[in-house]
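Please have the chain open while reading this note.

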Amino acid sequence: MDRGCRKENVAVDKRVREAGLRPTRQRIALADLLFAKGDRHLSAEELHEEALAAGVPVSLATVYNALHQFTQAGLLRILAVEGAKTYFDTNTSDHHHFYIEGENRIFDIANGPVTVTNLPDPPEGMEIANVDIVVRLRPKRQESPAGPEQSAKPE
């Protein structure tokens, strides 16, 4: 193992410890895969595939457990997008997302003028912790050459 790799593992180990989690071998390996490539959005299945490809022997259940533990510890943000489809975001700052339908691709909206107004008052004893905005995208639909009003067949 070279010095650079050892230094990264120490940093990941420290990050996991500082989040209040025990740095098990599997947690460290998964955290290293998650955070080594900068800000990213991954599903549990995608991280599981990366782990297996990197030679990390881990079950999908263990990946789910680790991701939820990382989320509870504040290392990740969870994004529910398509019903059962959940992504984990390594960027925990307040920001919003674009989601491309049909491609299952999610990415950050660049810092811009996204505002939410007229939020309801939370129930008694509760406070709003965060507002997640996911803007769904799809390719533009092609209009017929005759135009939208002339594309219907005459009766």
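The points below go from the whole chain to its helices, its sheet and some single residues.

1. Basis. This is a predicted model, in which local features need pLDDT of at least 70 and side-chain atom pairs count only at pLDDT 80 or more, while totals for chains, interfaces and linings use all residues. Residues are numbered from 1 along each chain as its sequence is written, and side-chain values use heavy atoms, with hydrogens and water left out.

2. Whole chain. The chain has four helices and six strands, and from the N terminus on the elements run α-α-β-α-α-β-β-β-β-β. Helices (H or I, at least four residues) and strands (E, at least two) are DSSP runs, numbered from the N terminus. Of the 155 residues, 29% count as buried; buried means under 20% relative accessible area, exposed over 50%, and partly exposed in between (1.4 Å probe, protein chains only). Among contacts with a separation of 6 or more, 41% come from residues 24 or more positions apart. Contact means heavy atoms within 4.5 Å.

3. Helices α2 and α3. The axes of α2 (residues 25-35) and α3 (residues 44-53) come within 10 Å and cross at roughly 110°. That makes α2 roughly perpendicular to α3, a label for angles of 65 to 115 degrees; under 35 counts as roughly parallel, over 145 as roughly antiparallel and the rest as oblique. Axes are lines fitted to C-alpha atoms, for helices over the stretch in contact, and angles run from 0 to 180 degrees between N-to-C directions. Leu30, Leu33 and Leu34 of α2 meet Leu47, Glu50 and Ala51 of α3. These contact residues divide into five nonpolar, no polar and one charged. Here Ala, Val, Leu, Ile, Met, Phe, Trp, Tyr, Cys and Pro count as nonpolar, Asp, Glu, Lys and Arg as charged, and the others, Gly among them, as polar.

4. Glutamate 45. This residue sits in helix α3 and, at 33% relative accessibility, counts as partly exposed. Leaving aside neighbours within four places in sequence, glutamate 45 is in contact with Leu60 and Tyr64. Its side chain makes a polar contact with that of tyrosine 64 (2.5 Å). A polar contact is a pair of N or O atoms within 3.5 Å; within protein, one must be able to donate a hydrogen and the other to accept it, and residues adjacent in sequence count only if both atoms are side-chain atoms.

5. Serine 43. Is serine 43 buried or exposed? At 1% relative accessibility, serine 43 is buried. It lies in the loop between β1 (41-42) and α3.

6. The sheet. An open sheet of three strands has the order β5-β4-β6, with mixed pairing. β5 (105-108) and β6 (134-137) stand at the edges with a single partner strand each, so one side of each has no neighbour in the sheet. Two strands pair if DSSP finds at least two bridges between them. β4 (residues 97-100) and β5 pair in the antiparallel sense over four bridges, and tyrosine 99 has isoleucine 106 in β5 as its bridge partner.

7. Asparagine 118. Most residues other than glycine have a negative phi. Asparagine 118, not a glycine, has a positive phi of about 60°. This residue is in the loop between β5 and β6 and is exposed, with a relative accessible area of 76%.
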